[in-house]
Amino acid sequence: MSDFVHLHLHSQFSLLDGANRLDDVIKAAGEAGMPAVALTDHGNMFGAIEVYNKARAAGIKPIVGMEAYVAQGSRLDRTPGRGSSNHLVLLARDETGYRNLLKLTSSSFLEGFYYKPRIDKELLRQHSEGLICLSACLKGEINEHIVATREKEAEATAKEFLEIFGEGNFYLEMQDHGIPEQRLANEVVRRIAQRNDIPLVVTNDCHYLRRDDAFAHDVLLCIGTQKTFSDPDRMKYASDNFYMKSAEEMHKIFPNDHAAIENTLAIAEK
């Protein structure tokens, strides 16, 4: 059995950004000996029932989640320039958590929609029970502070999420897709984790299945952003590392973070 589980994964339901088909994901997880797999699409749970049924049929534990857009202020604020949001990964630990995810995603569309379906910290406080939270990618609030050299603010945000979700339910997430900012962020995240006794977890931001699917994903992004392939200013991923990596690859990338890799299994078991 693999000692690594994917907890940050986008399917075709991350519209025009995810290129993973759920059948392929579940087959790949099974072939890799992974006991579980999470689905964390951007701002929605459209694939929740499908991943639950298909993973269970394949003998793999489904982890239902989403990568939420958290408004930087109130979800109700649609002031131009102030409507931006950060990413946050939320996973349902139990039925209460699943119901809270449904409430959060419904509110994000009905109340918080501004270009994207957004929640805010007020909603998170109301519906945090039964959820496990990971601090997300470079677009997460903590990493955004770190990249802007605001370590104090990053630490304050980490403490805030720990307080919202409770001990054992909040993890500082580390990723490495060959992007220098991520390596910088990981160093600071390790320090914050140590000072505040917050567990670390390693993820790979999976947007497609294999490394050679990166080109097809790039074309998908062009369609989603209505840009031509030759446009130098278009949205583009910084590397071809956003695929479903094996446990061996994750160990190679994070040779000194065994506990953070094993925490993927610990979270799956929760």
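Leu-90 touches Val-64, Gly-65, Met-66, Ala-68, Leu-101, Leu-104, Ile-119, Leu-124, Ile-132, Cys-133 and Phe-165, leaving aside residues up to four places away in sequence; touching, or contact, means heavy atoms within 4.5 Å. This is a predicted model, where local features need pLDDT of at least 70 and side-chain atom pairs count only at pLDDT 80 or more, while totals for chains, interfaces and linings use all residues. Residues are numbered from 1 along each chain as its sequence is written, and side-chain values use heavy atoms, with hydrogens and water left out.

**Inside the protein**
- Leu-90 is also among the residues that touch the most other members of the largest nonpolar core, which has 56 residues.
- Helix H6 (residues 151–165) gives this core its largest share, 6 residues.
- A second, separate core has 15 residues, including Leu-7 and Tyr-171.
- A nonpolar core is a set of buried Ala, Val, Leu, Ile, Met, Phe, Trp, Tyr and Cys residues joined through side-chain atoms within 4.5 Å.
- Of the 270 residues, 56% count as buried (under 20% relative accessible area, with a 1.4 Å probe and protein chains only).

**The overall fold**
- You can look for 10 helices and 7 strands, which are DSSP runs (H or I, at least four residues, for helices; E, at least two, for strands), numbered from the N terminus.
- Among contacts with a separation of 6 or more, 76% join residues 24 or more positions apart.
- The C-alpha atoms fill a box of roughly 45 × 45 × 35 Å along the principal axes.

Terms used:
Buried < 20%, exposed > 50% of the residue type's maximum accessible area, 1.4 Å probe, protein only.
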